[in-house]
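Biologist: I would like to learn how to read this structure, one feature at a time. Can you take me through it?

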Amino acid sequence: MTELALYRNIGIFAHVDAGKTTTTERILKLTGKIHKTGEVHDGAATTDFMDQEQERGITIQSAATTCFWKDHRFNIIDTPGHVDFTVEVYRSLKVLDGGVGVFCGSGGVEPQSETNWRYANDSEVARIIFVNKLDRMGADFLRVVGQVEKVLGANPLVMVLPIGVEEEFKGLVDLLTRTAYVWDETGLPENYEVVDIPADMVDMVEEYREKLIETAIEQDDDVMEAYLEGEEPSIEDIKRCIRIGTRTMEIFPTYCGSAFKNKGVQLILDAVVDYLPSPTEVDPQPLTDEEGEPNGEFALVSVDEPFRALAFKIMDDRFGALTFVRVYSGVLNKGDTILNSYTGKTERVGRMVEMHADERNEIDRAQAGDIIAIVGMKNVQTGHTLCSVKYPCTLEPMIFPEPVISIAVSPKDKGGSEKMGIAIGKMIAEDPSFRVETDEDSGETILKGMGELHLDIKVDILNRTYGVDLVVGEPQVAYRETITQQVDDSYTHKKQSGGSGQFGKIDYKLGPAEPGEGFIFTSTVVGGNVPKEFFPAIEKGFKGMMTQGPLAGFPVLDVAIELYDGGFHAVDSSAVAFELASRGAFRQSMPKAGPQIIEPIMNVDVFTPDDHVGDVIGDLNRRRGMIKSQEAGVTGVRIKADVPLSEMFGYIGSLRTMTSGRGQFSMEFAHYLPCPNSVAEKVIIEEKARQEAKKKK
C-alpha cells in the first residue's frame, strides 16, 4: 500500500502548442517510465496515441499515465489545448489535486490558457506554472509573468531566473538555494553542471529572492515576525509557507525552461513534490442528494472509509470499454461488487488496470487517491458515482456545456447504418459534449458538438476507426427562439362528446424570463379555482411545448409563465385536460408575445501579426463581429470580439490567407442574442424549406 502523502494527482494543461505533451514526454523520460522520447511533431508522443492526434500534432483526448519521482507516485493526465475539447480539460481537473499550467515563452497567456485557468479556478485546483520554450525567438520569461498577473489575475511567485535568452538560453538559477544549473548541448536532461551565478545576474537574483521570501512568509505569522526582526527563515520554512500558499491558490510557484531541449524539467518535478498537495490535503469531495444538492457529507480521502469513486472518462479500445475512475475513499479489490448510484445497479469488477497512455498494467487492488481504469463496466457513464453496496452515496456530478453546432450525416450504403449506430453509441459514452439525434421526418442522423474541428474529428473517427463511409451535410447553427413581450391570456380546453368529458380553464401571464433562466413556472392561484393537484400537469404541458417555437420550430429559451386563475369541473376536469389546456394556451399566446429568433454568439480571440491587424478587424466587422479589445504583444496583436457563430464557418482558412499562415484563433460559446431582422427572415425561410424537404422524403 502506498502512503497517501506520497501521491500527486496532477494534470498538465495549456493553450494549443504551448508544449504540454512535450513536457509530459520529458517527465516520463526523466522518471524512467519511457526510454526513448517521442516528439509531437513526429507523431510519436506517448500520450498522443490516436491517429488523428498524431497526424494533426494536437492532443484530442486526455491521456493518463503513472510514474515515480523521489519516492512519490505521480498520476499524470495530459489534457488537450484546443477549445473544442475543453470538456476533456474540465473533467480531468474535476478529479485532480494539482496541475502544471504550461505557457509559451513567446506566446504568453493565450486564449485557451485563460479558459483552462478559469476551469482550474472553478475546480479549486492548486497549480505551479511552467513558462516553456524559452529558447524561442521573442521568448521573455518576466513578460509572461507580468501577463499571468494582468490577464489571469493570479499571483505568480518567481522561483527561478533564466540564464541567457532566446537561442542563448542555457540554464537556470534556483532563487531559493542560489544554485545555477547550466545544461550542455547534448539535449540530455542529466547533462548539467552546477556553476556560479553569472556576475551580471547576482543583483537581480538577490532582488527576486527577497521578493520570493517576502511573499512566501505572509502565509505564517511567526516566520514573518522573526523575519521582520532580522532573522532569515530556513529553506524548510520558506518551502512550507510556499506549500500553504500554493494549496490555497494565493500564490503560484513559477518556473521556466525548454521542455524540448530538456532544460529545467527536473525543477518542475521537484516543485510538484514540494508544493502541490497530496490527496489528503485537498478539500474532500462533497456528497449530494438525488437532486444534486450537497447534503453536508463528504468523501474523506482515507482507505478506512467506505469505497467511493467517480467515473470521469469512458474510452473504448481494442480490449473493450475502459472506465477511468478516481478513487476518493476506501479500497477496491478485483472481484468486488460495487454499486452505480446513478442507475441503482450493481456490477462486479472483473479487471482493473493502471494506465500508461494506451498500454495497461493489470492490478488487483486500488485505494483512495488512485486513478485507475476498470475494464468491461456495462452501464457506467461520465460523472456516475461508483460506491460500496452497503453505503450508497452520490458524488458531486459533472456539468457539461450544450453543443452549438450540428451536421447531418448518413451512411453511404445500407450496411453502414448498423455499424454507425454501434460506433456512435460508443462515442457518446466517451464524450459527453458530443450529442446525437435522429431526425424523425428525414431519418438523418444529426451530430452535435462544440465546434467545426470537434465534429470534423468525430466524422474522421467514424470513417477510419469504425469503417463507416458517410455523406456529410452542411454545418447547422443551433438557433433558438424567445419572446419579447408579456401577454395576459386565458384558454379553455373543453371536450364533451359522450362518456366522460374533458374540461380545464387557465388564466395566465406569459412573458420573457431573464437570459439564461430557461423555463420558469409559478402559480399565484388563490381560492382553489384550479386545484393544486393539477399544477404539475399544467407546468408539464407548457414545458413540453418549449421544444418548438412559433416562428421556425426552433427550441424556445427564457419564458416565464404565471398561472393566476382558472376554472375546473368537478367531474370532467383531470390532469390530462389541464395539460392539453396549457399546450393549447402556449400555441395561442406565443405568436402574440413578440417572438424572435436568437443566435449563438461566440467569444472569439484572434492573434495576428502587427501588419495584418487592419485586415483582421475589417473581416471580423464584416462577419457582424463586435470588437471588444485589442492588446499589443511582442510578436503580434490579440483581438477579442463577439461574433455570431453562423458567420464563423471556415474562418480558419480566411485567417490563414489574410495573415500568411501566421494567424491563430480560438472561440467558445458566450451567449444568445437576437438576430437582425434580415438574418432572421432568411433563417426562417431556410428552416421552413428544410422542414418541407424532409416531409417529401
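Biologist: Let me begin with a sheet. In what order do the four strands E7, E8, E9 and E10 form an open sheet, and what is the pairing?

Modeller: One caution before that: this is a predicted model. The order is E7-E8-E9-E10, and the pairing is antiparallel. Strands E7 (160-163) and E10 (192-195) stand at the edges. Each has a single partner strand, so one side of each has no neighbour in the sheet. On average, neighbouring strands here are turned by 25 degrees against each other, direction ignored.

Biologist: How many bridges join E7 to strand E8?

Modeller: Four bridges join E7 to E8 (residues 171-174), and the two run antiparallel. To find one, look at Leu161: its bridge partner in E8 is Val173.

Biologist: Where can I see a sheet with mixed pairing?

Modeller: Look at the open sheet of four strands in the order E30-E31-E33-E32. Read the order with care. The twist averages 25 degrees from one strand to the next. E32 and E33 (residues 559-567) pair in the parallel sense, over five bridges. There, Phe519 stands opposite Val559 in E33.

Biologist: Which strands does helix H12 lie across?

Modeller: H12 (residues 535-544) lies across E31 (502-512), E32 and E33. The helix runs at about 155 degrees to E32. Helix H13 (residues 575-589) lies across E30, E31 and E33, and runs at about 40 degrees to E31.

Biologist: Now a hairpin. Which residue takes a positive phi in the hairpin of E17 and E18?

Modeller: Gly344 does, with a phi near 75 degrees. The hairpin has four residues between its strands. E17 (residues 337-340) and E18 (residues 345-348) pair in the antiparallel sense over four bridges. Leu339 stands opposite Thr346 in E18. E17 is also joined to strand E23 (residues 385-388) by three bridges, again running antiparallel. On that side, Leu339 has Cys387 as its bridge partner in E23.

Biologist: What should I look for at the two ends of helix H7?

Modeller: Start with the general idea. An α-helix has 3.6 residues a turn, so residues three or four places apart point the same way. Now the case. At the start of H7 (residues 221-228), a side-chain oxygen of Asp220 reaches to within 3.0 Å of the backbone nitrogen of Asp222. Just after H7, Gly230 takes a positive phi of about 100 degrees.

Biologist: How many residues does the largest nonpolar core have?

Modeller: The general idea first. In soluble globular proteins, nonpolar side chains tend to be buried together. Here the largest core has 67 residues, and Ile242 and Tyr255 have the most contacts inside it. Helix H9 (residues 265-275) gives the largest share, eight residues. A second, separate core has 46 residues, including Leu453, Ile457, Val606 and Cys675.

Biologist: Which residues does Ile242 touch?

Modeller: Leaving out residues up to four places away in sequence, Ile242 touches Leu157, Met159, Leu212, Ala216, Ile251, Pro253 and Tyr275.

Biologist: Asp97 carries a polar side chain. Is Asp97 buried or exposed?

Modeller: Buried means under 20% relative accessible area. Asp97 is at 5%, so Asp97 counts as buried. Find Asp97 in the loop between helix H3 (86-94) and strand E4 (98-104). The Asp97 side chain makes a polar contact of 3.0 Å with the side chain of Arg326. Asp97 also touches other residues, among them Asn9, Val125 and Pro277.

Biologist: And which side chain does Arg638 join in a polar contact?

Modeller: The side chain of Asp605, at 2.8 Å. Arg638 sits in strand E36 (residues 637-644). At 11% relative accessibility, Arg638 counts as buried.

Biologist: How many disulfides does a search of the whole structure find?

Modeller: A disulfide is a covalent bond between the sulfur atoms of two cysteines. The search finds zero. Cys104 is buried, at 4% relative accessible area. Cys256 is buried too, at 0%.

Biologist: Last, the whole chain. How many helices and strands are there?

Modeller: The protein chain has 16 helices and 37 strands. Of its 697 residues, 55% count as buried. Take the contacts with a separation of 6 or more: 71% of them join residues 24 or more positions apart.

How values were computed:
Residues are numbered from 1 along each chain as its sequence is written. This is a predicted model: local features need pLDDT of at least 70, side-chain atom pairs count only at pLDDT 80 or more; totals for chains, interfaces and linings use all residues. Side-chain values use heavy atoms; hydrogens and water are left out. A polar contact is a pair of N or O atoms within 3.5 Å; within protein, one must be able to donate a hydrogen and the other to accept it, and residues adjacent in sequence count only if both atoms are side-chain atoms. A nonpolar core is a set of buried Ala, Val, Leu, Ile, Met, Phe, Trp, Tyr and Cys residues joined through side-chain atoms within 4.5 Å. Buried means under 20% relative accessible area, exposed over 50%, partly exposed in between (1.4 Å probe, protein chains only). Contact means heavy atoms within 4.5 Å. Two strands pair if DSSP finds at least two bridges between them. Axes are lines fitted to C-alpha atoms, for helices over the stretch in contact, and angles run from 0 to 180 degrees between N-to-C directions. A disulfide is a pair of cysteine sulfur atoms within 2.5 Å.
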